[in-house]
Amino acid sequence: MSPLKKKKLSKIRIQLDKLDNSLIRLIKKRTNLVKKVLALKDKKSQIVDQKRIRIILKNIKKKSISNKIDPMITQKIWKNMISAYI
């Protein structure tokens, strides 16, 4: 790899690291909200709400398409995130 490409790669990686830090803060906020939702549910059977999950995934797909992001990528991310919280 040429020195110029190495320099460009380094700059991009710095941007990715900053973005990762922002994502971590957002995930923390989402985690806190999920905990609040769980606190309101009386029974374990209420924790997994398939209807809500379908709505979330449908909305993510629409938003992905409108933002020109491959919906397969965002669907995988959200499915994994939802699964991790469950």
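User: Which residues does Gln75 touch, not counting residues up to four places away in sequence?

Analyst: This is a predicted model. Gln75 touches Leu57, Ile60 and Lys61 once residues up to four places away in sequence are set aside. Gln75 itself is found in helix α3, which covers residues 71-85.

User: Is Gln75 buried or exposed?

Analyst: The reading rests on relative accessible area, and buried means under 20%. Gln75 has a value of 16%, so it is classed as buried.

User: With what is Leu57 in contact, leaving aside its neighbours within four places in sequence?

Analyst: Leu57 is in contact with Gln75, Trp78, Lys79 and Ile82. Leu57 also belongs to the largest nonpolar core.

User: Where is Ser64 placed, and with what is it in contact beyond its sequence neighbours?

Analyst: Ser64 lies in helix α2, residues 50-66. Its relative accessible area is 3%, and therefore Ser64 counts as buried. Leaving aside neighbours within four places in sequence, Ser64 is in contact with Ile69, Pro71 and Thr74.

User: How does one check the span of helix α1?

Analyst: One compares an expected span with the distance between the end C-alpha atoms. At 1.5 Å a residue, the 38 residues of α1 should span 56 Å, and the end C-alpha atoms are 56 Å apart, so the two agree.

User: How many residues of α1 are buried?

Analyst: The count is one among its 38 residues, and α1 is thus described as hardly covered. Leu26, found in α1 (residues 3-40), is exposed, with a relative accessible area of 52%.

User: Which residues form the nonpolar patch on the surface?

Analyst: The patch is formed by Ile12, Leu16, Leu19, Leu23, Ile24, Leu26 and Ile27. Together these residues have about 650 Å² of accessible area.

User: How far apart are Tyr85 and Leu33 in sequence and in space?

Analyst: Sequence separation and spatial separation are read side by side. Tyr85 and Leu33 are 52 residues apart in sequence and 11 Å apart in space, taken C-alpha to C-alpha. Tyr85 lies in helix α3 and is partly exposed, with a relative accessible area of 24%. Leaving aside neighbours within four places in sequence, Tyr85 is in contact with Ile27, Arg30, Thr31 and Val34.

Methods:
Residues are numbered from 1 along each chain as its sequence is written. This is a predicted model: local features need pLDDT of at least 70, side-chain atom pairs count only at pLDDT 80 or more; totals for chains, interfaces and linings use all residues. Side-chain values use heavy atoms; hydrogens and water are left out. Helices (H or I, at least four residues) and strands (E, at least two) are DSSP runs, numbered from the N terminus. Buried means under 20% relative accessible area, exposed over 50%, partly exposed in between (1.4 Å probe, protein chains only). Contact means heavy atoms within 4.5 Å. Patches are made of residues with over 30% relative accessible area and no salt bridge: like charges are joined within 9 Å, nonpolar side chains (Val, Leu, Ile, Met, Phe, Trp, Tyr) within 5 Å. Accessible areas come from the Shrake-Rupley method with a 1.4 Å probe; for residues, only the protein chains shown count as cover. A salt bridge is a side-chain nitrogen of Lys or Arg within 4 Å of a carboxyl oxygen of Asp or Glu. The expected span of a helix is 1.5 Å times one less than its number of residues. A nonpolar core is a set of buried Ala, Val, Leu, Ile, Met, Phe, Trp, Tyr and Cys residues joined through side-chain atoms within 4.5 Å.
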